[in-house]
Amino acid sequence: MVAPAELLNRIDLSKVPAPVRGAGAFLGRLLRRVLGGIFLFFFNLQCRLSHRAARIIFGVGMGLVRLAVGSVRFCFAFARGTVRALFGLDRVDAQTVTRARLQLLVAAFSLVFVVIAGRLVFMAITSDPQGTRGGGSEAVASARPDIIDRNGDILAVDVKSPSLFAEPKRLIDPDEALEGLLKVLPDLDVAEVRARLNSGRGFAWLKREITPAQQRAIYRLGLPGIGFVRENRRIYPDGPTFSHVIGAVNVDNQGIAGLEKYIDGRGLAELHLAGFATDRQQEPVKLSMDARVQHAMRDELMRAKEKFKAKAAMGVVTDVRTGEILSMVSLPDFDPNIGGNPKDDAYLNRLTTGVFEMGSTFKALSFAMALDSGKIGLNNSFDARGALHFGRFAIHDYHAENRVLSVPEIFLVSSNVGTAKMVLSLGVDAHKAFLRKMGQLDRLRTELPESSEPIVPKRWGELNSATIAFGHGLSVAPLQAVMAVNSMMNGGYLIPPTFLKRSQEEAQQVAVRVLKPETSDKMRYLLRLNAEKGTATKAEVPGYYVGGKTGTAEKVVGGRYAKNKLLTSFTAVFPMDKPQYLVLVMIDEPQPLPETHGYATSGWNAAPTAGKIVERIAPMLGVMPRQNLPTADQMLGMARQKVADRQ
């Protein structure tokens, strides 16, 4: 075989026809010209682009230089003018001084905004140390401040908890990943998780707040595109004990109820969203609550609820001198560590959100009104020999005495007729004005977002005043009634209740005098006398000088009062010679027992329960039992002597 090179050498070009040689030469020249033109075109284009890029770079550089020079000149002129104006070198020109001061303010505000902008830019360009790849809600699920009681015990705290996420676009086999995850987390929603794994997105949550053991098991599966992020999880060490006060948070660690929501309302949520509160240690929120008192209160209320087969039980302890709430329990309650349905009955805080006709407990306000008016004294009497009629309506006494009763006797036997006549003698307008002054006709505002408006009669006549006098016809939140009774015990000051720790000096700054000091002395006498001789004898605790008032109200069912559905309450105060603490106990629909002789009224259930609570919490609060305590009459005599000495 002949090689191609040898074959070409054997060709005699002289024997090729002239036309063919001419055509070949023409095509060669044409090809050279086309290739040369293309080369020149691209070379020219590259030169032009380079020239323009050089001009742009040069222009930007010159602009930056001019900007820098201008900034330096401006700063120099600004500083020079400001210094001269501030030191009085240009005092001859008032406009220069004003201009310099305005420029200084502008510079200060500009500096603040520059710092904020710098912070935002820094957050935008830095990488996520937790590996969320910008898909999670780590800024919202940030650290919350601890919540502690008045003694420093932790009631709510954040702990780090792993959460499971996926990057669907990095998954090799979504079905294989789902199968592996179900082995560790069998409670996953298969349809929802499959949809997320096949979404092709950059980030998708699979399950929030898994256990460390589950995290380790998933990690050992070695699934690409499956990762973890450490989030802050809210933990409540006492479980349901403080549930209605502290509230709860959602999966993003945002407050949704109670004091948790109040904390967010003070600006914490905005800080989280802006990134300024992320993973920062914050000052704890210190409550007025006492964990020891709360546990004792809840324990006794649970026993009473079970013993009397009641629908619900409630209790609150307050410091009458400061308005601080030391304990608040509403049963049934819920565990904020476990998610639930907020519409359930257990989530209702009956002491702030519920409104009730308070029954005879409300008579204390009627007596305070009468004694404070100056028109009625302890020596006055009212005829209670029969029912009080208003057309077809009649007001009766539960245990009628059918005789003329003095003011203390009306209180001791809890006479509806005597109380109604006493209030009506002062007038409907005076009654309404007094209750408004005592905070009973307006919505009570505290740190808890959950509260309700009182139910006030649309048309308020004599019949309304007569029934409201003994606790029917006006529905209020129990904490409202407590606030009013506090004022009767602390010398006549209405102090808004609070769940945050407050000193007596701070309390006096928000206090409003609503009663005379002498009225407070007389009300303390009546409450103590009731524990000695009246309906509150079963709440008496030897050595602690307890006073109180019972209350039994028939509940409204279908627009009518149901005699077999009662709401009983008892207000206890101790020690009565110098009141410090108030205890309110309420039992919803208690049942009669053989040991109560078939009665379900307050004196047989709420009063003894309050006595047990006082006996347990008094030593915790520094109130020790005493001996040789004066009687109610002796206490009143000593109070009158002090008034006379001051005069």
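Modeller: Let's start at glutamate 589, which is buried at a relative accessible area of 15% (buried is under 20%, exposed over 50%, partly exposed in between, with a 1.4 Å probe and protein chains only). The model is predicted, with local features needing pLDDT of at least 70 and side-chain atom pairs pLDDT 80 or more, while totals for chains, interfaces and linings use all residues. Numbering runs from 1 along each chain as its sequence is written, and side-chain values use heavy atoms, leaving out hydrogens and water.

Glutamate 589 also has a positive phi of about 60°, although it isn't a glycine. You'll find glutamate 589 in the loop between S20 and helix H18 (606-620); helices (H or I, at least four residues) and strands (E, at least two) are DSSP runs, numbered from the N terminus.

Buried or exposed? Asparagine 628 counts as exposed, at 78% relative accessibility. Glutamate 589, remember, is buried.

Back to S20, which belongs to an open sheet of 5 strands. The order is S9-S8-S20-S19-S18, and the pairing is antiparallel (two strands pair if DSSP finds at least two bridges between them). At the edges are S9 and strand S18 (547-557), each pairing on one side only. From one strand to the next, the twist averages 15°; angles here run from 0 to 180 degrees between N-to-C directions, with axes fitted to C-alpha atoms, for helices over the stretch in contact.

Zoom in on one pairing. Strand S8 (residues 312-319) runs antiparallel to S20 over 8 bridges, and aspartate 319 has tyrosine 581 of S20 as its bridge partner.

Helix H17 (residues 517-533) touches S18 and S19, and its direction makes about 85° with that of S18 (contact means heavy atoms within 4.5 Å).

Phenylalanine 574 and proline 575 are joined by a cis peptide bond, with omega about -20°. Proline 575 lies in the loop between strand S19 (560-574) and strand S20 (581-588). The peptide bond from leucine 331 to proline 332 is cis as well, with omega near 5°. Proline 332 is in the loop between strand S9 (325-331), one of the edge strands, and strand S10 (356-357).

To set this in context, the protein has 19 helices and 20 strands. Of its 647 residues, 46% are buried. Among contacts with a separation of 6 or more, 70% come from residues 24 or more positions apart.
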